[in-house]
Amino acid sequence: MGIYILFPIAAGRWDGAFDEVLTEKERARVRELQDLTRVHLELPTPETLCCLFTRSILYVSAQGDVSPCPFMPYRLGNIKEHSMKDLWQVHCKGLSLELKGNCPLNVAQYREAIEKHIDAVRLSFTYSDSESGNGNPKEPGGAAGERPKA
């Protein structure tokens with residue numbers, strides 16, 4: 001049994017609330033209090049990348065919407081329209097960001113870069129669908145970078 005501490009993330013009801021997230025100094029102070037036998041902090045640590053950037057996770061909602069992280073308010077696509085393999089490969093191929101020690105949703109410039117990345121992933125499927133004749137020129141569910149429907 002242990003205690004798991006998650007730092008605030010500017011997502012969900014706190015979407016874009018950058019003033020609510022901990023500063024680097026505040027996160028460092030919390031980490032000093034960590035007792036590795038019972039208290040665990042979420043990743044990323046100051047030395048590790050967020051799971052989005054390690055290309056180690058995709059989140060699939062109950063509706064089939066796929067995003068790079070459960071906290072991410074943007075979707076790459078939907079497994080009812082594209083295979084997980086295709087979504088994973090296009091996502092990983094185009095991802096060229098790196099951030100250590102913080103969630104990228106908590107940093108405005110990284111949030112914008114992630115939105116552009118997700119737009120590019122979705123656009124690649126829009127073009128491939130329209131060129132192959134499979135699917136509509138515009139992906140059902142809205143424009144690129146659109147938040148999943150609740």
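## Overall architecture

Along the sequence, the elements of the chain follow the pattern β-α-β-β-β-β-α-α. The chain thus named has three helices and five strands; helices (H or I, at least four residues) and strands (E, at least two) are DSSP runs, numbered from the N terminus.

The model is a predicted one, in which local features need pLDDT of at least 70 and side-chain atom pairs count only at pLDDT 80 or more, while totals for chains, interfaces and linings use all residues. Residues are numbered from 1 along each chain as its sequence is written, and side-chain values use heavy atoms, with hydrogens and water left out.

## Confidence

The chain has a mean pLDDT (the predictor's confidence in each residue, from 0 to 100) of 75, and 71% of its residues reach 70 or more. Confidence is highest in β5, at a mean of 92, and lowest in strand β2 (residues 39-41), at 61. Over residues 134-145 the pLDDT is below 50. Where pLDDT is low, the predicted coordinates should not be read in detail.

## The sheet

An open sheet is formed by three strands in the order β3-β4-β5, with antiparallel pairing; two strands pair if DSSP finds at least two bridges between them. Because β3 (59-60) and β5 (77-78) stand at the edges with a single partner strand each, one side of each is left without a neighbour in the sheet.

Two bridges join β3 to the antiparallel strand β4 (residues 65-67). Y59 stands opposite S67 in β4.

## Burial

Of the 150 residues of the chain, 37% count as buried, meaning under 20% relative accessible area with a 1.4 Å probe, protein chains only.

How values were computed
Contact = heavy atoms within 4.5 Å. Buried < 20%, exposed > 50% of the residue type's maximum accessible area, 1.4 Å probe, protein only.
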